[in-house]
Amino acid sequence: MRPTHLLMLSTALLFAVPLAAPAVAQDKTPVTVLTIGYPDEDSTDAVTGTTSPGIGKLEAAFEAANPTIDLQITNIPWGEGATGYAPKTEAMIQANESCLYEMPGAAAFARRGDLVDLSKLIEAEGASFENLWGPQITTMRIWGPDNPKGLYYIPNNTGERVIHWDATLFEHYGVEPLSKNPTLDEIATKAKALTGTDPVTGKQTYGYWYQGKYAVWQFLSIAHSMGANWGSVGDDGKMTVTWDTPEYLKAMQWFVDMAKYAPAGALASDSMPEGFLSDDNVVGIIPEGEQGYFIQPLIANPELQKRFRSSFNLRGADGVGGVATISPMAMASSCENKDAAWTALKWLAGSAESQRYYFESNGRLPTSSKGAEAIPAIASFPDGDVVLTQPQFAEAPYPWAAAQPRWAMQTALEAALAGTLSPADALKQAQAETDAWIAEQQ
Amino acid sequence: MTLAPGSRTYPAGPGARPSLRAAFRGSWVWYSFLLPPLLLILTFVGYPTYLAFEQSFFTETPTGDVFAGTYHFQRLLGSGLFWGALGNTVLLGVAFLVIVIPLATIFASMLNRIRKGSTPLKVIYFLPQLTSSVAIAIMFNYIFQPDWGLLNGSLRAVGIEQVPLWLADPRLSFGGSRAAVTILAVWSGLGYFIIVTLAGLQSIPTDLYDAAAIDGATPLESWFYITLPSLRPTFIFLIMTGTIDALSRFADLWTLGGPGGSPARSLQSVVMFMFQQGFENSDFSLAAAAAVVFFVIVLAVTGIAFWGFLRREFLAIR
């Protein structure tokens, strides 16, 4: 073949291939999805041997169940700072890069009018809509410019916060095991008793723990159980947040007092205490413990199940308490294939296959009624009832969970825990910063 | 007069200089080489900078942007959070430069005297500069953990029980969070400062030292009266670039302190403030106003440094 012929042939192919490619996928409706933090490929934990399926498994399961839709998943890591999920989500929304989003800051995007009000799609579906999410469909309604009580996301999975406790330390000190629904008084009494030198091992132990950089969640849980209420969002979308109240002051004083029974460096921590889930653990009670990350190793090791136990999170008079750690799945207003996207959203948030995938890949727990039947391993867990039902008792998601009221309270709490501000002054500071932010909201 | 090969001469006298077009015609190849980077700079630096300036004068609403004049600048300058972040940034920058420049000068002077093995040492000192700042921050997060970190563990191992709280202490102290991130910055940046200072040292004519030796100067006197004054342009360059770097500090502080610069905003820098306002609070106008003010501050610092210190050197080499 002459070089000129080869060149002509290559050029012809170069143009022909892209023209031919869409014809192959034309019979499928594309739906793009942004997911966060799932494994890109199948992987095996080097320590526990637990396998985690890659995101491709979710895509394949979806397309097997929905052969007319071409699900195109963009999976990003949680990341940090400039490479975190927040700026990437913002960039993708602004560039109309995806139809569906796993969107931790969904409330803020809904307020800006970037999300579809799913309640209208549910209404349009009428009686054929199968509610797999129970009352969450109602409690998760938030304010949007086209509906003051709109449904802008459905949870596709959840983490959960429980009160972890080390049964071995309780035994060493001769302290009665923590009850299934502990009160603040019980926690305080037992935390004090567990702080000191372990009578068996001779190690210094601590009765209490808090994750310094996320202490605000534990504080809100404590405060809610003491009767505090952060505020509300009116029909006009105006938010009212009241931090500077006697209930929050009492809660902060209690927290600062309990911090004396925690390791001195807890304020610098952003995770469970060092040694958790091992024989080196020296912390007795861990309120607001992150269950999701640890279920898989606990299931894999029955000995650990006996030592590291779970009790329900603190609850208020309304029967709920603790931060909701749901993962919201939302649809962008700019989505062009809304019907197909709605089908995909319902499957991703509700199907047994998707719930199983979230659990097997990341230890995320089910939010739909089909999830429990998909994950029988949790039911046989010693504290299986706590693990399976705790998400139902979490507070409704805070609409400011990724905005200034959270940062203001977190900063004030850190100052109070470090002793640079009194609890009263810390609450005043948090209130002032929150008020300044609210004044700017449209 | 001798001319370098390929150079041109033009007739002397008024009006005899080549026109701009003629000058361009002769050099279009070189301009075309400069064009791609120029386009990249305009696209990825110039245009976003323009957008930030524009956004700072508008408010984002669900129905579109509304002109807000200087409102966001007034909000910014009245915000205690901004001034706190700016104060932190300046404090951390000054602490870094005050420590790193003398330290780099001492190390570079010693390296300059070493006859064998200086290259491996230079490589070792420079390695942190090549490491991701996020990776360094994660490593120092382990080092500075108060309860189980490497540093406090070592202190306890040698019998010191009252150990600093490092990242758990927001107070202004030698064992607090600001001290910890300053140590991190010095460890990370020292290699670069050493290499630049070493280059400055090696550009000092040896004649000066020979003359000083003949006059009976001790090595220490030579260092004080020849080396340090001769390093003036190097120090100015390091202060300028170090100041700009310190002002734009972000990744390591974010990794260690989280979005709020924990503990108690003691690690929040101006860039973190901008990021938090924009991407956490969705207040892009305030973030843009902060970016504009930050731009002006960096421009002013650079201008002062240039006109005050470096202009003489630039004029001298013209």
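**Two chains, question by question**

Trainee: What share of the contacts in chain A with a separation of 6 or more comes from residues 24 or more positions apart?
Mentor: Keep in mind that we're looking at a predicted model. Contact here means heavy atoms within 4.5 Å. Of chain A's contacts with a separation of 6 or more, the share from residues 24 or more positions apart is 72%.

Trainee: And what is that share in chain B?
Mentor: Take chain B's contacts with a separation of 6 or more, and pick out the ones that link residues 24 or more positions apart. Those account for 61%.

Trainee: What is the radius of gyration of chain A?
Mentor: Start with the make-up of chain A: 19 helices and 16 strands. The globule rule gives 22 Å for 442 residues, and chain A comes close to that, so it is as compact as a globular protein of that length. Its radius of gyration is 24 Å.

Trainee: What percentage of chain A's residues is buried?
Mentor: The cut-off for buried is under 20% relative accessible area. Chain A's C-alpha trace spans about 85 × 50 × 50 Å along its principal axes. Out of its 442 residues, the buried part is 54%.

Trainee: How much of chain B's accessible surface belongs to carbon and sulfur atoms?
Mentor: Of chain B's 318 residues, 40% count as buried. Its accessible surface totals about 18200 Å². In chain B the carbon and sulfur part is 70%.

Trainee: How far apart are the centres of the positive and negative side chains in chain B?
Mentor: Chain A carries 29 positive and 51 negative side chains, with the two centres 1 Å apart. Chain B carries 18 positive and 15 negative ones. There the centres of the two sets lie apart by 11 Å.

Trainee: Which residues of chain A lose the most area to chain B?
Mentor: At the interface, 33 residues of chain A touch 33 residues of chain B. Together the chains bury about 2800 Å², with 54% of it on carbon and sulfur atoms. Three residues make up 18% of what the chain A side buries, and they are Lys213(A), Trp407(A) and Glu440(A).

Trainee: Which elements of chain A do the buried residues of α8(A) pack against?
Mentor: Helix α8 of chain A covers residues 184–193, and its buried residues are Leu184(A), Glu186(A), Ile187(A), Ala188(A), Lys190(A) and Ala191(A). An α-helix has 3.6 residues a turn, so residues three or four places apart point the same way. The packing partners of those buried α8(A) residues are β9 (161–166), α7 (167–173), α9 (215–225), α10 (246–258) and β14 (285–290).

Trainee: Is Leu35(B) buried or exposed, or something in between?
Mentor: Leu35(B) sits in helix α1 of chain B, residues 20–55. Its C-alpha is 30 Å from that of Leu238(B), 203 residues apart along the chain. Buried means under 20% and exposed over 50%. With 44% relative accessibility, Leu35(B) counts as partly exposed.

Trainee: Which residues is Ser188(B) in contact with, leaving aside neighbours within four places in sequence?
Mentor: Ser188(B) belongs to helix α7 of chain B, residues 177–202. At 17% relative accessibility, Ser188(B) counts as buried. Beyond its sequence neighbours, its contacts are Pro128(B), Gln129(B) and Ile136(B).

Trainee: Where does Asn96(A) lie?
Mentor: Most residues other than glycine have a negative phi, and most peptide bonds are trans. Asn96(A) has a positive phi near 50°. Its place is in chain A, in the loop between α3 (85–94) and β5 (100–102).

Trainee: What relative accessibility does Arg265(B) have?
Mentor: The loop between α11 (251–257) and α12 (270–280) of chain B holds Pro263(B), and the peptide bond from Ser262(B) to Pro263(B) is cis, with omega near 0°. Arg265(B) is in that loop between α11 and α12 too, with a positive phi of about 60° although it isn't a glycine. Arg265(B) counts as buried, with a relative accessibility of 13%.

Note on methods. Residues are numbered from 1 along each chain as its sequence is written. Chains are lettered from A and ligands numbered from 1 in the order in which they are written. This is a predicted model: local features need pLDDT of at least 70, side-chain atom pairs count only at pLDDT 80 or more; totals for chains, interfaces and linings use all residues. Side-chain values use heavy atoms; hydrogens and water are left out. Helices (H or I, at least four residues) and strands (E, at least two) are DSSP runs, numbered from the N terminus. The radius of gyration is taken over C-alpha atoms; the globule rule is 2.2 Å times the number of residues to the power 0.38. Buried means under 20% relative accessible area, exposed over 50%, partly exposed in between (1.4 Å probe, protein chains only). Lys and Arg count as positive and Asp and Glu as negative; His and the chain ends are not counted. The place of a charge is taken as NZ of Lys, CZ of Arg, CG of Asp or CD of Glu. Buried area is the accessible area (1.4 Å probe) that two parts lose on being put together, summed over both. Accessible areas come from the Shrake-Rupley method with a 1.4 Å probe; for residues, only the protein chains shown count as cover.
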